[in-house]
Amino acid sequence: MNLYRSILRPLLFHWDAETAHHATIAACRIAGAIPLAPQLMRAWYDFAASPLESNVAGLTFPNPVGLAAGWDKNGHALRLLDSWGFGFAEIGSISAAASLGNRRPRLFRLPQDRAIVVNYGLPNDGAEVIAQRLAKHRIRRPLGVNLVKTNQGPDAAASSAERIVDDYVCSAQAVHRHASYLTLNLSCPNAAGGKDFFAQPGSIRQLLTALLPLEIACPLFLKVAPNPDPAEIERLLEECEPFAAVRGFLFNLPVGKAASLALTTPRQVWEKMPGAVAGQPVAALSNRCIAEMYQRMPRDRYVIIGGGGVFSAADAYEKMGLGASLIQIYTALVYEGPGVVGRINRGLLQLLAADGFSHVGQAVGSGCRATL
Ligand SMILES: Cc1cc2nc3c(=O)[nH]c(=O)nc-3n(C[C@H](O)[C@H](O)[C@H](O)COP(=O)(O)O)c2cc1C
């Protein structure tokens with residue numbers, strides 16, 4: 001019997017999506033502070049298998065399945081997250097100043113599509129507060145910290161380039177020593193102010209130049225809009241080229257609800273839900289972005305962290321075949337619970353063995369030619 005699907009999920013889904021999210025984080029925070037609770041969870045969920053271990057961008061990952069940004073925005077659940085079998089976790093997005101995010105309601109479920117509609121607008125406690133929290137945490141597995149420009153609300157005037165860049169610099173300064181890697185979120189689909197800035201040529205170079213004086217020792221990843229247009233990918237690669245700290249890319253959610261997402265939930269249900277779609281409907285777009293990036297990027301320097309609609313080992317393996325070295329999940333955690341991490345990892349072991357691979361790195365890019 002699957003405890004999460006049969007008991008916990010019906011209880012959580014009884015609440016609206018945001019209340020359920022906050023309740024889950026609060027429960028994880030409390031459980032993380034109870035002596036022996038994380039250890040017991042670890043005994044239940046943890047997963048290690050040498051074929052899944054890899055060294056990516058100078059970091060050691062015990063398995064390739066990580067938690068995507070946005071679930072633990074403020075780093076409250078880290079102690080418990082460490083015991084769910086994830087190979088790594090990313091917290092945030094974090095901004096220089098604290099933000100309340102967008103107006104509620106701003107989080108919705110589309111169970112028929114195994115999707116979530118999100119319009120959070122980057123609420124978080126702010127970089128300084130979160131840095132203090134991170135300073136008390138003992139990192140057991142790679143911990144990513146995702147940075148974004150502060151959301152000043154829908155009525156705020158557009159920010160200048162200097163202000164946008166300063167916001168990232170300020171957050172990076174506060175947290176970089178507490179992170180295994182930093183992700184610069186350049187494309188939040190729901191935040192006003194700053195989201196189009198990085199579509200302008202030269203903007204990424206401007207940000208990376210401003211970060212240089214911080215002498216950030218950990219790798220940087222850029223989370224960009226999911227645009228598989230070769231010209232956009234070439235621009236991104238060109239702007240990153242002089243900055244050795246940049247070691248790879250992630251793709252964010254697409255803005256709005258494009259027809260290409262092929263939602264099966266009736267339009268009258270989702271059209272009143274503001275925000276971007278996460279989960280199964282974004283898998284195909286994310287896969288196209290991964291494949292296109294893998295074909296074009298210098299592979300001795302960059303890696304791809306692939307997310308978007310991963311629910312099973314087959315979904316994860318497909319992204320790896322297209323070129324992702326690591327995988328992130330979010331929506332699957334909501335629909336399947338923490339047991340999904342172990343299921344994906346166990347399935348990956350079987351898929352690797354079936355293809356005659358002895359190590360997860362051999363699967364990366366192994367299927368990209370067939371798809372393009
Ligand atoms: C409720 C929710 C909040 C999110 N918040 C963030 C965020 O703050 N920063 C970010 O970079 N991505 C955020 N994301 C995007 C996820 O990190 C991930 O890229 C995306 O959900 C695709 O993975 P999935 O299909 O497994 O959910 C959020 C996603 C969801 C569903």
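Figure 1. Glu18 lies in helix α2, residues 17-33. Helices are DSSP runs of H or I of at least four residues and strands are runs of E of at least two, numbered from the N terminus. This is a predicted model: local features need pLDDT of at least 70, side-chain atom pairs count only at pLDDT 80 or more, and totals for chains, interfaces and linings use all residues. Residues are numbered from 1 along each chain as its sequence is written, and side-chain values use heavy atoms, with hydrogens and water left out. Glu18 counts as buried because its relative accessibility is 2%. Buried means under 20% relative accessible area, exposed over 50% and partly exposed in between, with a 1.4 Å probe and protein chains only. Leaving aside residues up to four places away in sequence, Glu18 touches Arg104, Arg106, Leu107 and Tyr120. Contact means heavy atoms within 4.5 Å.

**Figure 2. The closed barrel of 8 strands.** The order is β3-β4-β7-β8-β9-β10-β12-β13, with parallel pairing. On average, neighbouring strands of this sheet are turned by 25° against each other, direction ignored. Two strands pair if DSSP finds at least two bridges between them. Strand β12 (residues 303-307) and strand β13 (residues 324-329) pair in the parallel sense over 4 bridges. Gly307 stands opposite Gln328 in β13.

**Figure 3. Helices α6 and α8 against the strands.** Helix α6 (residues 161-175) lies across β4, β7 and β8. Helix α6 runs at about 155° to β7. Axes are lines fitted to C-alpha atoms, for helices over the stretch in contact, and angles run from 0 to 180 degrees between N-to-C directions. Helix α8 (residues 230-240) packs on the sheet and touches β9 and β10. The direction of helix α8 makes about 155° with that of β10.

**Figure 4. Aromatic pairs, including Tyr168 with Phe198.** Rings of Phe, Tyr and Trp (its six-membered ring) pair if their centres lie within 6.5 Å; planes under 30 degrees apart count as stacked, over 60 as edge-to-face and the rest as tilted. By this rule there are 8 aromatic pairs. Tyr168 and Phe198 form an edge-to-face pair, 5.6 Å centre to centre with 90° between the planes. Tyr168 lies in helix α6 and Phe198 in the loop between β8 and α7, so the pair ties together parts that are 30 residues apart in sequence. Tyr168 and Phe198 are both buried. Phe61, Phe88, Tyr181 and Phe221 form one aromatic cluster.

**Figure 5. Arginine over a ring: Arg299 at Tyr294.** The charged end of Arg299 sits over the Tyr294 ring, 4.0 Å from its centre. A charge sits over a ring if NZ of Lys or CZ of Arg is within 6 Å of the ring centre and within 35 degrees of the ring normal.
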